[in-house]
Amino acid sequence: MKNLILAACAALTLTGPALAQDAPDTLITILTAPEPQTQLMAMVLAMQAAQQGATPHILLCGPAGDIALKDAPDSATAPQPPRDMSPKALLTQIAALPGAKVEVCAIYLPGKGAQPDVLMDGVTVAQPPAMAAAMIAPNARIASY
């Protein structure tokens with residue numbers, strides 16, 4: 001029994017480095033949730049990741065795409081506790097970071113019957129091939145809300 005435990009410990013020690021991963025270069029945040037609190041928390045975590053060295057890439061789909069509108073709904077602009085920050089305000093800060101990308105899903109604007117000029121500065125329409133490539137990049141992580 002003692003030999004079995006020692007062998008298991010040795011195996012775990014040898015596989016430990018293989019399980020370790022480098023920190024990601026990019027954090028892709030895919031946000032579809034309509035709730036302002038969830039939207040804000042997704043932005044908080046994206047900003048925290050950026051402050052720790054990851055480049056933020058945010059994809060807004062469905063009701064979450066409304067955050068990126070120049071004329072965003074009250075739910076996107078209303079301050080949330082505990083720091084009275086809104087999802088749109090923090091998204092605006094993230095969009096201004098060097099290298100950051102903020103995009104709406106390719107089907108978001110056609111679904112609203114709108115054109116790209118309704119989007120706030122710094123937000124573009126995602127191209128599915130490029131988004132798919134970003135998602136499968138070896139040093140990217142995905143967070144989805």
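Student: Where does Asp84 lie?
Tutor: Asp84 is in the loop between helix 3 and helix 4. Keep in mind that this is a predicted model.

Student: What should I look for in the backbone there?
Tutor: Start from the general rule: most residues other than glycine have a negative phi, and most peptide bonds are trans. Here, Asp84 has a positive phi, near 55°, although the residue is not glycine. The loop between helix 3 (74-77) and helix 4 also holds Pro82, and the peptide bond from Pro81 to Pro82 is cis, with omega near 5°.

Student: How do I describe the way helix 2 and helix 4 pack?
Tutor: In general, two packed helices are described by the angle between their axes and the distance between the axes. For helix 2 and helix 4, the angle is about 25° and the axes are 9 Å apart. Angles under 35 degrees count as roughly parallel, so helix 2 and helix 4 are roughly parallel to each other. Their crossing is left-handed.

Student: Which residues make the contact?
Tutor: Helix 2 contributes Pro36, Gln39, Leu40, Met43, Val44, Ala46 and Met47, while Pro87, Leu90, Leu91, Gln93 and Ile94 come from helix 4. Sorted by class, the contact has 10 nonpolar and 2 polar residues, with no charged ones.

Student: And what is the volume of the largest pocket?
Tutor: The largest pocket has a volume of about 360 Å³. It is lined by 15 residues, and those closest to its centre are Leu40, Val44, Arg83, Met85 and Leu90. Helix 2 (36-51) and helix 4 (87-95) are the elements that each give two or more residues to the lining.

Student: Which helix gives the most to that lining?
Tutor: Helix 2 does, with 7 residues.

Student: How does the lining divide by class?
Tutor: The lining of the largest pocket has 8 nonpolar, 5 polar and 2 charged residues.

Methods. Residues numbered from 1 in each chain as written. Predicted model: local features only at pLDDT ≥ 70, side-chain atom pairs only at ≥ 80, totals over all residues. Heavy atoms only, no water. 1 Å grid on protein atoms, 1.4 Å probe; cavity = no way out; pocket = protein on both sides within 12 Å on 5 of 7 lines; lining within 4 Å. Points joined across faces, edges and corners; volume = space filled by probe spheres on them. Helix = DSSP H or I, 4+ residues; strand = E, 2+ residues; numbered from the N terminus. Nonpolar A, V, L, I, M, F, W, Y, C, P; charged D, E, K, R; others polar. Axes fitted to C-alpha atoms, helices over the stretch in contact; angles between N-to-C directions. Parallel < 35°, antiparallel > 145°, perpendicular 65-115°, else oblique. Left-handed = near helix turned anticlockwise from the far one by under 90°. Contact = heavy atoms within 4.5 Å.
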